[in-house]
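Hi,

Here is the structure I promised to pass on. Have a look at it first, and then read my notes below.

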Amino acid sequence: MVGALAWALLQNRAFVTWFVIENGPVEAVQGLLLATVLTLIALRARRPVAVGASAVSEVVLFYGFTVLLAGELEAWSAVFGRTLTTRHVLAMSRAKFSAAMVALALIVALSAAVAIYTLRHLRELIRWGFGALRTGWGWVLIGGLLTFACTELFERRLDWIMATVFPKTFLEEGLELLANTLFVLALWDRDRVEPVGPRPRDTG
């Protein structure tokens, strides 16, 4: 997919410029990739529960990728018309402010529930994490996370690298597309190499 984007740049710069524009088609594709990731996690999460195994890895992954998807879709701005800052929230109308406070309360409550569940199953999560490092899909997932994190960190600078060669936002959106593709590949391959088994006995 990323290679196709690079090939398209060589063939039709105008099309690529339109495709990678801020809030353009490429972000819709990224949203679909993240939605696919969430679907894979959700489908898998039913199986550990059915065999009495911990689902902490699925909970953490689902929460994390939901946050990424919400950020990609700019969900807060889409719903409330403003970014999530103190100044913007205080400037809302009374009705919108009330709705925003309810939404924030739900977000905080959900985040707290995930944190408590994770702490209760921290040993299983650590065991799962070290196990993932011994697999190819685990390293692909880490590669995706590092690519995404570095892209967010250097987002502004990427827009101006070789500006005469790459359309603005091409590198930023292209790297995010690569990261999201790696997420899908990693979690797709996970089912093949990491079958769900019964809950291991806790000898501690």
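**What I found**

Let's start with Trp-139, which sits in helix α9 (residues 136–153); helices here are DSSP runs of H or I with at least four residues, numbered from the N terminus. Keep in mind that this is a predicted model, where local features need pLDDT of at least 70 and side-chain atom pairs count only at pLDDT 80 or more, while totals for chains, interfaces and linings use all residues. Residues are numbered from 1 along each chain as its sequence is written, and side-chain values use heavy atoms, leaving out hydrogens and water.

Trp-139 counts as exposed because its relative accessibility is 51% (exposed is over 50% relative accessible area, buried under 20%, partly exposed in between, with a 1.4 Å probe and protein chains only).

Now for the charged side chains. How many salt bridges does a search of the whole structure find? There are 2, a salt bridge being a side-chain nitrogen of Lys or Arg within 4 Å of a carboxyl oxygen of Asp or Glu.

In one of them, Glu-58 meets Arg-44 at 3.2 Å, N to O. Glu-58 is in helix α4 (residues 56–73) and Arg-44 in helix α3 (residues 25–50), so this pair ties together parts 14 residues apart in sequence. Glu-58 also forms a salt bridge with Arg-190, with the closest N and O atoms 2.6 Å apart. Arg-190 belongs to helix α11 (residues 170–193), so that pair links parts 132 residues apart in sequence. Arg-190 counts as buried because its relative accessibility is 3%. Through shared partners, salt bridges join Arg-44, Glu-58 and Arg-190 into one network.

Cheers

How values were computed: Helices (H or I, at least four residues) and strands (E, at least two) are DSSP runs, numbered from the N terminus.
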